[in-house]
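Here is a quick walk through one protein model, written for someone who likes to check the numbers against the coordinates. Have the viewer open and follow along.

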Amino acid sequence: MDAILKPADEKAPRRAPHEIARPSREQAEAAVRTLLAYIGEDPEREGLLDTPKRVVKSYAELYSGYAEDPKAHLERTFEDVGGYEDMIMVRGIPFHSHCEHHMLPFIGKAYIAYYPSGGVVGLSKLARVVDIYANRLQTQENLTSQIVSSIDEHLAPRGIALMLEAEHQCMTMRGVQKAGVSTITTQFTGVFQDDPAEQARFMTFIRGGDR
């Protein structure tokens with residue numbers, strides 16, 4: 001039977017990490033040896049003998065976000081904030097991720113602000129949410145959306161503002177090879193989306209202007 005073709009604009013749903021059958025560590029190391037041979041190297045030479053093990057071990061760290069759930073860091077909130085209802089911002093959170101198209105790094109900073117609707121979350125937890133999603137294969141656009149969606153789902157604030165600024169090595173090391181070019185993505189919800197003045201205030205905070 002002929003395969004049924006989907007419309008060009010219909011994408012297959014992204015499967016959750018636990019739905020993917022994972023190869024063994026030995027299979028992963030064998031794949032690294034195959035890639036070494038593919039680029040013209042000798043996987044058996046002294047300097048490369050332990051490279052497959054090192055690469056697989058580094059992948060466990062670089063892509064640790066697949067094994068973590070942001071909910072674990074956002075489910076505990078603090079209600080005793082003295083009636084504080086204004087903007088809370090964590091500025092300049094460093095992150096590194098990997099482009100899902102070339103598996104090359106993109107490195108940058110995240111700027112997160114939200115208006116609490118009740119309790120607030122520990123400030124370090126927002127940085128952990130950034131890291132969890134960054135430590136997966138990503139596009140910057142999807143990374144932006146995932147961070148905002150997670151905060152919105154678990155904190156239900158009155159509004160969220162997020163800006164990511166990053167330099168992509170797939171532009172720097174290959175292709176057009178343009179070093180120093182950064183990509184900026186933003187997303188606003190709630191009061192930030194409804195009020196341009198709040199967006200302007202958020203951008204002022206990012207620049208470190210008068211508060």
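Glutamine 169 has a relative accessibility of 16%, so this residue counts as buried, the cut-off being under 20%. Keep in mind while you look around that the model is predicted. You'll find glutamine 169 in helix 6, which covers residues 169-172. Leaving aside residues up to four places away in sequence, glutamine 169 touches Leu104, Pro105 and Arg174.

Zooming out a bit, the protein chain has 8 helices and 5 strands. Read from the N terminus, the order of its elements is α-α-α-β-β-α-β-α-β-α-β-α-α. The C-alpha trace spans about 65 × 45 × 35 Å along its principal axes. The chain has 211 residues, and 35% of them count as buried. If you take the contacts between residues at least 6 apart in sequence, 67% of those join residues at least 24 apart.

Now for a helix pair. Helix 4 (residues 123-134) packs against helix 5 (residues 140-155) at an angle of about 135 degrees, and the two axes are 10 Å apart. That angle is why helix 4 counts as oblique to helix 5; roughly antiparallel would need an angle over 145 degrees. The crossing of helix 4 past helix 5 is right-handed. On the helix 4 side, the contact is made by Leu126, Val129, Val130, Tyr133 and Ala134, while helix 5 brings Leu143, Gln146, Ile147, Ser150 and Ile151. Sorted by type, the residues of this contact come to 8 nonpolar and 2 polar, with no charged ones.

On to the rings. How many aromatic pairs does the structure hold? There are 5 aromatic pairs. A pair of aromatic rings is described by the distance of the centres and the angle of the planes. Take tyrosine 59 and tyrosine 63: with ring centres 5.1 Å apart and planes at 80 degrees, the pair is edge-to-face. Tyrosine 59 is partly exposed, whereas tyrosine 63 is buried.

Another pair joins tyrosine 115 and phenylalanine 192, and this one is tilted, with 5.4 Å from centre to centre and 45 degrees between the planes. Tyrosine 115 sits in strand 2 (residues 105-115) and phenylalanine 192 in helix 7 (residues 190-194), so the pair ties together parts that are 77 residues apart in sequence. Tyrosine 115 is buried, and phenylalanine 192 is buried too, at 0% relative accessibility. Both rings belong to one aromatic cluster, formed by Tyr115, Phe188, Phe192 and Phe202.

Here are the accessibilities of the paired residues just discussed.

| Residue | Relative accessibility | Class |
|---|---|---|
| Tyrosine 59 | 39% | partly exposed |
| Tyrosine 63 | 12% | buried |
| Tyrosine 115 | 6% | buried |
| Phenylalanine 192 | 0% | buried |

One last stop is methionine 203. Which helix holds methionine 203? Its place is in helix 8, residues 196-207. Is methionine 203 buried or partly exposed? With 27% relative accessibility, methionine 203 counts as partly exposed. Methionine 203 and methionine 163 are 40 residues apart in sequence, and their C-alpha atoms are 9.0 Å apart in space.

Key
Residues numbered from 1 in each chain as written. Predicted model: local features only at pLDDT ≥ 70, side-chain atom pairs only at ≥ 80, totals over all residues. Heavy atoms only, no water. Axes fitted to C-alpha atoms, helices over the stretch in contact; angles between N-to-C directions. Helix = DSSP H or I, 4+ residues; strand = E, 2+ residues; numbered from the N terminus. Parallel < 35°, antiparallel > 145°, perpendicular 65-115°, else oblique. Left-handed = near helix turned anticlockwise from the far one by under 90°. Contact = heavy atoms within 4.5 Å. Nonpolar A, V, L, I, M, F, W, Y, C, P; charged D, E, K, R; others polar. Phe/Tyr/Trp six-rings, centres within 6.5 Å; stacked < 30°, edge-to-face > 60°. Buried < 20%, exposed > 50% of the residue type's maximum accessible area, 1.4 Å probe, protein only.
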